Structure formats: C-alpha cells, structure tokens
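Here are some exercises to work through with the model open beside you. Try each task before you read its solution.

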Amino acid sequence: MENKIKLGVSLYSYQDEFFRRDMTLKDCIEAVADMGAEGIEILPEEMIRDCFHLTDQFVDEWFSWMDEYHTVPVAVDGFCDENGLWKKMGRTPSLEDAVMVQKRYVDIAARLGCRYIRTQIRDMKLLEAMIPYAEEKNVILALEIHAPGHVKDQINQEWLEMKEKTGTKNLGFIPDFGIYETKATPIIMRQCIRDGCSAEIVSEAEEKKAAGWSWEEMKAYFEPKARTSGDMDGVWRVYNVQPDDPEDLRRLMPHVVGFHGKFWNMLDDLTEESIDYLTPMKVIIESGFDGYICSE
C-alpha cells in the first residue's frame, strides 16, 4: 500500500534553542526544511511577540519564509486549556472568558494558514460554543491524545459525540506516539537519577511494574523507602508507562487530522528506544492517512 504520509516538525522541538537565543524563528523553519520535512507547527505564545495581535508585517514575513523554504503551515499548538490562563490568578474563568481566549487561537491559525489547532479543551460547553467560530474561520479544533491517556478515554468519546451531535467537520484528534511507549524511557530515567532518584529505586520499580503491581501497591511499598521526593517521582515515571492498543486507533482514524511523533532517543538502527512505532504505523498506513506526522 502506498504511503501518503507527510512529515513535519513541531517547533516545540526547538524550545531550548529558541529560549537561549541560539535560533530565531526563521532559523527553526530553515532547520525543518534542511531535514527534508515540510510541515510546520508553531507555538505562538513562545515564538511570536504579542501573538494575539498579529501584525501584517509578521504575517507577510511568515508566508515569505514558507515560500523561501518550501514549507507548509500545519498547526498552531495551543497550550491554554479552559482554566490554565487563570489558575495562577486564583480564579475560574467564565465561559465568555474561555471562549475569548480560544477564539484568539483560531484567529492565529486562520491568519497563518494553519489547518488545525492542537487544543486542550475538555469542557464540553466551551467546545460546543467554539464550533461555529472554528467553522467560520475554516480551522479544525483537534484534541491531543497524550500519554498517559488512551484512544478509548472518555474525553475522546465525548468529543466524538459532540462531532456527531453538531454534524461539524471542524473537530478532530492528534494522537501522540508517546501513548505507545512500552517501557520507561531510559533517557528520562537517567534524568530522574540525576535529579535525586536512586538507581536502586528505579530498578526495583521497573521489576514491580513488570510484575503487574498497581499504583496503590507501588506507592505503599516505595513511600517508606523513599529518601527524597525524587525517589517517588522516579517510581511514578516508571509506573506511568501505560501503552495503548494500536488496534483501537482504527476506529478513530477517520477523525484524525495529524500525529505527533515522539522521539526520546533514536538508536543507530533508526528505532526509538522505548516506543513501538511499527504496530501503530501499520494501522495508520492501512487507513490511507495522508496528513502530517510532526515530530517533537
């Protein structure tokens, strides 16, 4: 079967380089093109000054970069859920407040030529209120399915029901390949050890996880042994690996607008150290998916 999948990059991948001022936004786009990818996902809050008030100058420059590097705007990565913007201010937003913020994301996506927004909306009233505006601007609201979540989670079912109820074509999903992580990522576990978790705790936690222990059992066993909070963080990271069943993806594929490719650590044989790519990719290719897998 012919593979129609296109490749892109979430500029989240360059957050450290961008923060340190080692790379500009243009540099990030150039790097994507140099790797042979074409799709661009952008984080507006991080990479665009005063992103909620885009200037004509910036928009013109953005499309000039797309032309120069033969890249394609794919998505806006929206990090604000219905409560996130206000949590640190100690209040819960009204529905009107939340709609206002989400509309700003839609406006950014529309002006930058992005097909969809990676969103975190979990309030069904907010989602329903946003659908008419997304339709008006021809932008898809796409819910990311991220570890430790699974395709069959209730929130995804609620999104599907909303899509069926409203008849909209402007709702979709972005599965992240982290949901197919089969073991605690070694590179992250080494970081846990550097941050204070003992290697012995990590090793024993992996044994208990492999034996099928529940979180309650692991917590009760390891908390008395923990010397620091870092020890329990390591235990949680080991337990938190809950690989999804790739076959569950088949039913969702008609509603999938894109994927996030997770690459913690690539080995010399071009396999990812802790993620099963082959099994879900078989499902994706057989579905005829012709959108973007954007690495991050």
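Two strands count as paired if DSSP finds at least two bridges between them. Keep in mind that this model is predicted.

**Exercise 1.** Find the residue that stands opposite serine 10 in S2, and describe how S1 and S2 pair.

*Solution.* Start with the strands: S1 covers residues 6-10 and S2 covers residues 39-42. Their pairing is parallel and runs over 3 bridges. Now look across from serine 10: its opposite in S2 is glutamate 41.

**Exercise 2.** Work out the strand order of the sheet and which strands stand at its edges.

*Solution.* The open sheet has 8 strands, ordered S6-S5-S4-S3-S2-S1-S8-S7, with parallel pairing. S6 (171-175) and S7 (258-261) each have a single partner strand, so one side of each lacks a neighbour in the sheet. From one strand to the next, the twist averages 30 degrees.

**Exercise 3.** Determine how H6 and H7 are arranged relative to each other, and what kinds of residues make up their contact.

*Solution.* First, take the axes of H6 (residues 95-112) and H7 (residues 124-137): they come within 10 Å and cross at roughly 30 degrees. Angles under 35 degrees count as roughly parallel, so H6 is roughly parallel to H7. Next, the handedness: H6 passes H7 in a right-handed crossing. Finally, the contact: residues of H6 including Leu95, Val99 and Val106 meet residues of H7, among them Leu126, Met130 and Tyr133. The contact residues divide into 10 nonpolar, 1 polar and 4 charged.

**Exercise 4.** Identify the strands that H8 lies across.

*Solution.* H8 (residues 154-166) lies across S4 (116-119), S5 (140-145) and S6. Relative to S6, H8 runs at about 155 degrees.

Note on methods
Residues numbered from 1 in each chain as written. Predicted model: local features only at pLDDT ≥ 70, side-chain atom pairs only at ≥ 80, totals over all residues. Heavy atoms only, no water. Axes fitted to C-alpha atoms, helices over the stretch in contact; angles between N-to-C directions. Helix = DSSP H or I, 4+ residues; strand = E, 2+ residues; numbered from the N terminus. Parallel < 35°, antiparallel > 145°, perpendicular 65-115°, else oblique. Left-handed = near helix turned anticlockwise from the far one by under 90°. Contact = heavy atoms within 4.5 Å. Nonpolar A, V, L, I, M, F, W, Y, C, P; charged D, E, K, R; others polar.
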